[in-house]
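Hello,

Here is the structure I promised to pass on. Please open it and keep it beside you as you read my notes.

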Amino acid sequence: MLLVDGANAYLPEIKPVTGIHPGIGEVCAFGTAADRDGERARLLVVPRDPPLDEAAFAARCAQRLAHFKLPRRIKIVGARWRSAVDG
């Protein structure tokens, strides 16, 4: 759970909404500290082929998530690191 501007944002609610985009292979949602207002969501995204249009993806997130749940940073990566928990 993230505390954003006094509201609770749950990562399990953010990840599925962002992961249904057809250009997404995998999504990792996590929180980081923000300077003034608690925490913010961030995403690591592994795109599928064809390449992901980052602007279109951000717009799609804005249509489907409340303002306080929007990821403030989206980073496109080639692969996602996995832990023993991830499988």
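Which residues does T18 touch, not counting residues up to four places away in sequence? They are I24, V27, L43, F57, C61 and L65. Touching, or contact, means heavy atoms within 4.5 Å.

Two notes on the source. This is a predicted model, where local features need pLDDT of at least 70 and side-chain atom pairs count only at pLDDT 80 or more, while totals for chains, interfaces and linings use all residues. Residues are numbered from 1 along each chain as its sequence is written, and side-chain values use heavy atoms, with hydrogens and water left out.

**The chain**

The chain has two helices and five strands. From the N terminus on, their order is β-β-α-β-β-α-β. Both kinds of element are DSSP runs, numbered from the N terminus: helices are H or I with at least four residues, strands are E with at least two. The chain has 87 residues, and 32% of them count as buried. Buried means under 20% relative accessible area, exposed over 50%, and partly exposed in between (1.4 Å probe, protein chains only).

**Helix α1**

T18 lies in helix α1, residues 11-19. T18 counts as buried because its relative accessibility is 1%. The buried residues of α1 are L11, I14 and T18. Seen down the helix axis, they fall within an arc of 60 degrees, so they line one face of α1. That arc is taken from the directions from the helix axis to the C-beta atoms. Here is the general rule: an α-helix has 3.6 residues a turn, so residues three or four places apart point the same way. The buried residues of α1 pack against β1 (2-4), β2 (7-9), β3, β4 and α2.

**The sheet**

Three strands form an open sheet with mixed pairing, in the order β3-β4-β5. Strands pair if DSSP finds at least two bridges between them. β3 (24-33) and β5 (73-76) stand at the edges with a single partner strand each, so one side of each has no neighbour in the sheet. β3 and β4 (residues 39-47) run antiparallel, joined by nine bridges. I24 stands opposite P47 in β4.

**Helices on the sheet**

α1 lies across β3 and β4, at about 150 degrees to β3. Helix α2 (residues 54-64) lies across β3, β4 and β5, at about 140 degrees to β5. Axes are lines fitted to C-alpha atoms, for helices over the stretch in contact, and angles run from 0 to 180 degrees between N-to-C directions.

Best wishes
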